[in-house]
Amino acid sequence: MSSDRDEILQAVSSAVLAVTRHLSVREVLQVIVRSAQRLLDARYAALGVPDEDGSFAEFVAEGLTDKQWDAIGPLPRQHGMLGAMLRDGTPARLPDLRKDPRFEWWPKAHPVMKDFLGVPIRDGEQVLGIIFLANKRTPGGFTQADEDLLTLFAAHAAIALINARLYERGRELAMLEERNRMARELHDAVTQKLFSLRLTAQAASAMLERAPEKAAQELERVQRLAGEALSELRAVIVELRPAELDRHGLAETLRKHVRLLDRLHPSLVTFECAELPEVDSAVEVAVLRVAQEALHNALRHSEGASVSVGLAYEDGKLALTVRDDGRGFEQAESRGLGLVSMRDRAESVGGVMTVESARDRGTTVRMEVGV
């Protein structure tokens, strides 16, 4: 058993090292999964952290290729064995997972798993997640000693996971405090610029007839002040960008938002994303906000059965498309749909937004911006 303890200490040190290097929660989860897979010589290993909506906020796995992941599809929901373990909070060790009454089904592309060992990661009474292994490479499946070892490992993994979450939360609070400070400063600066802009415009208006040359000079000043105010407003947008963009980036933030809407609404809401280049912070915020507004309109007004969201990189431009198969609308009915604010957001970063809609033919909102 001393050799086992040496191995587990070595494996746990990897997870602890990940925390001390200030890595993200997801990276710590990956270190935990890889360590457990090596420690117990399993072909497959995974760790799921549940959310409050019946799915998993985080789910990492080892033993699957990217192609297999893509074929399997969305993250698992809290059903079957995973759901049972979350509810019971107790370990499960099975010679054949498929023969257990709690097992329900796998997606078509899911690899076949036989012998199974699952252990909850706990913080007191709270189940933080589940770590599970399948298909032990050594003949005979998982043993009681394996279960004891993984249970001990899970206790140490809980500490690593809690520490990583605390670190991320502390970093987010620090970033939020800094954002708020800068936003206040920028707000004051922009307010002063707009006040000056208004006075200068009034002066130009008064001079227009009796002193047109001076009026022209004042109008030039109006144009300059407007440009400065616009630049500072863009800076405000960057400073107030959602924290999710810092953690996950544009594509993953939008993917999570779409997944949540799909669970909350009867319409089928889907997301597709091609590989994207690095995108400017202000562009990310603008694209996310346009997507959110377009989704809100589609789900609230279209009465369609499905809404699709797409992100792609085409000819040097980032393209967002939000398309529904609902009832559509005529131009006269577009008031109240936030189209002006969406168009303004797109134009604030040099982009273009178009809307195509017709009665009973759905609506397509498209935004393109150079990156």
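**Open sheet.** I looked up the strand order in this predicted model and found five strands in an open sheet, β2-β1-β5-β4-β3, with antiparallel pairing. Strands here are DSSP E runs of at least two residues, helices are H or I runs of at least four, and both are numbered from the N terminus; two strands pair if DSSP finds at least two bridges between them. The edges are β2 (56-62) and β3 (92-94), each with a single partner strand, so one side of each has no neighbour in the sheet. I noted an average twist of 10 degrees from one strand to the next, with axes fitted to C-alpha atoms and angles running from 0 to 180 degrees between N-to-C directions.

I then followed β1 (residues 42-50), which is joined to β5 (residues 126-136) by six bridges, running antiparallel. Alanine 46 stands opposite phenylalanine 132 in β5.

**Cores.** Next I asked which residues touch the most other members of the largest nonpolar core. They are Val287, Leu320 and Met367, in a core of 35 residues. Two or more residues each come from α7 (243-264), β6 (268-273), α8 (281-302), β7 (306-314), β8, α9 (339-348) and β10 (363-370). α8 gives the most, 12 residues. A nonpolar core is a set of buried Ala, Val, Leu, Ile, Met, Phe, Trp, Tyr and Cys residues joined through side-chain atoms within 4.5 Å; buried means under 20% relative accessible area with a 1.4 Å probe, protein chains only.

I checked valine 287 too: leaving aside neighbours within four places in sequence, its contacts (heavy atoms within 4.5 Å) are Leu250, Leu311, Leu318, Leu320, Met367 and Val369. A second, separate core has 29 residues, among them Ala45, Val119, Ile121 and Phe142.

**Whole protein.** I counted nine helices and 10 strands. Of the 371 residues, 42% are buried. Among contacts between residues at least 6 apart in sequence, 62% join residues at least 24 apart.

**Confidence.** Mean pLDDT (the predictor's confidence in each residue, from 0 to 100) is 80, and 80% of residues reach 70 or more. Where is confidence lowest? Helix α1 (residues 2-20) has that place with a mean of 60, while strand β8 (residues 317-324) is highest at 95. A reminder to myself: where pLDDT is low, the predicted coordinates should not be read in detail.

**Conventions.** Residues are numbered from 1 along each chain as its sequence is written, and side-chain values use heavy atoms, without hydrogens and water. Local features need pLDDT of at least 70 and side-chain atom pairs count only at 80 or more, whereas totals for chains, interfaces and linings use all residues.

Note on methods:
Buried < 20%, exposed > 50% of the residue type's maximum accessible area, 1.4 Å probe, protein only.
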